[in-house]
Amino acid sequence: MKIIDAHMHYYNVDGFVQVAANAGYENTAACWQKICEENNIAFSVAMGNTNYTSSKYGGVTPRMIDLAAPFDEAHYNQPQNMGYCMGVNSEAITEANAEKTAQEFERFIKDPHCLGIKLYPGYNAVYVNDKRHWPLFELARAYNMPVAIHTGDTAWPSGLLKYSHPLTVDEAAVAFPDVTFVIAHCGCPWFADAAEVACKNANVCIDLSGLVEGNPKPLMLLERQRGFLRQLHTWLNYIGNYEKIMYGSDWPLVNIPLYIWMISHVVPECYHEDVFYNNAVRIYSKIGKLLEKCGG
Ligand SMILES: [Zn+2]
């Protein structure tokens with residue numbers, strides 16, 4: 001089965017050295033390419049994390065990816081079999097610079113590998129539907145790009161969960177019915193809330209990244225997380241539409257064969273091709289052309 005990883009990180013930061021080691025990896029570009037070859041991953045979507053400071057219009061610049069090399073506007077530096085979502089530093093956006101911020105983001109959209117926008121509520125103390133994000137949502141609408149949103153648990157305790165609860169996506173989805181919003185991590189652990197928001201709003205999808213970390217033994221994982229995985233299965237079924245669900249890993253946080261195996265257990269087999277591949281091609285609509293180029 002060919003796979004698209006619709007949510008991973010390609011980010012050069014000290015903390016990820018240990019995080020990757022816990023999952024059995026090195027946080028390097030070479031390691032990711034080897035994983036792709038070994039696991040039949042044809043394409044991946046990296047979430048931008050690295051601040052890019054070269055502002056042109058006086059707005060807040062997007063966060064980009066820099067694992068292969070420092071981000072360079074002339075060359076972009078990501079592999080052919082990867083696209084990225086521009087990360088949003090919401091706390092730096094103000095009413096005064098919000099339009100200029102959208103201009104900063106717009107100049108990267110000409111890059112065929114630029115697939116969408118990523119918000120980090122919870123890490124940023126700003127709600128999804130805060131008006132400072134609206135010029136970015138208008139940009140997403142104009143260019144038919146999805147907006148992925150971190151939801152649920154935060155990786156460190158200084159995060160604020162009231163901003164990352166999946167229910168907060170509902171208001172943005174209603175305000176911008178022509179924009180596709182992706183609830184990342186299925187709102188973990190608020191699966192029911194994420195499922196209801198995706199079920200009610202035609203323009204809301206879900207990615208299944210980041211639900212487990214490290215490299216636990218498969219049977220131990222099934223035993224210890226039995227209730228957790230059953231809940232996930234129950235609420236994905238509640239949505240009743242597997243075309244809204246995408247596989248993603250959150251690499252380097254988790255061992256990839258283990259994670260593929262786990263999601264294969266949760267998602268009914270008849271939906272595997274959609275969840276592991278087809279839905280990402282449809283939702284991140286620029287992937288199709290890139291796949292033609294890289295032979296995916
Ligand atoms: Zn992530």
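## A short tour, starting at the metal site

Select H7 and D250: both are buried in this predicted model. Now show the zinc ion, which is coordinated by H7 (NE2), H9 (NE2) and D250 (OD), at 2.0 to 2.1 Å. Follow the chain through these donors and you get the spacing H-x1-H-x240-D. H7 sits in strand 1 (residues 3-8), while D250 lies in the loop between strand 10 (245-246) and helix 10 (256-266), so the pair links parts of the chain 243 residues apart.

Next, colour residues 96-284. An unreviewed UniProt entry annotates this stretch as "domain: Amidohydrolase-related". The stretch is 44% helix and 10% strand, with its end C-alpha atoms 30 Å apart.

Time for some rings: the model has 14 aromatic pairs. Pick W235 and Y238, an edge-to-face pair at 5.1 Å centre to centre with 65 degrees between the planes. They are 3 residues apart in helix 9 (residues 226-239), which means about one helical turn separates them. W235 is partly exposed at 25% relative accessible area, and Y238 is partly exposed too, at 40%.

Then jump to Y242 and Y271, a stacked pair: 4.3 Å centre to centre, 10 degrees between the planes. Y242 is in the loop between helix 9 and strand 10, and Y271 is in the loop between helix 10 and helix 11 (272-283), 29 residues apart. Is each one buried or partly exposed? Y242 counts as buried at 5% relative accessibility, whereas Y271 is partly exposed at 32%.

Last stop: select W134, F137, F176 and F181, which form one aromatic cluster.

Key:
Residues are numbered from 1 along each chain as its sequence is written. This is a predicted model: local features need pLDDT of at least 70, side-chain atom pairs count only at pLDDT 80 or more; totals for chains, interfaces and linings use all residues. Side-chain values use heavy atoms; hydrogens and water are left out. Donors are N, O and S atoms within 2.8 Å of the metal (3.2 Å for Na, K and Ca); water is not among the atoms, so sites may look incomplete. Helices (H or I, at least four residues) and strands (E, at least two) are DSSP runs, numbered from the N terminus. Buried means under 20% relative accessible area, exposed over 50%, partly exposed in between (1.4 Å probe, protein chains only). UniProt positions are given in the numbering used here, feature names are shortened, and annotations may be inferred rather than shown by experiment. Rings of Phe, Tyr and Trp (its six-membered ring) pair if their centres lie within 6.5 Å; planes under 30 degrees apart count as stacked, over 60 as edge-to-face and the rest as tilted.
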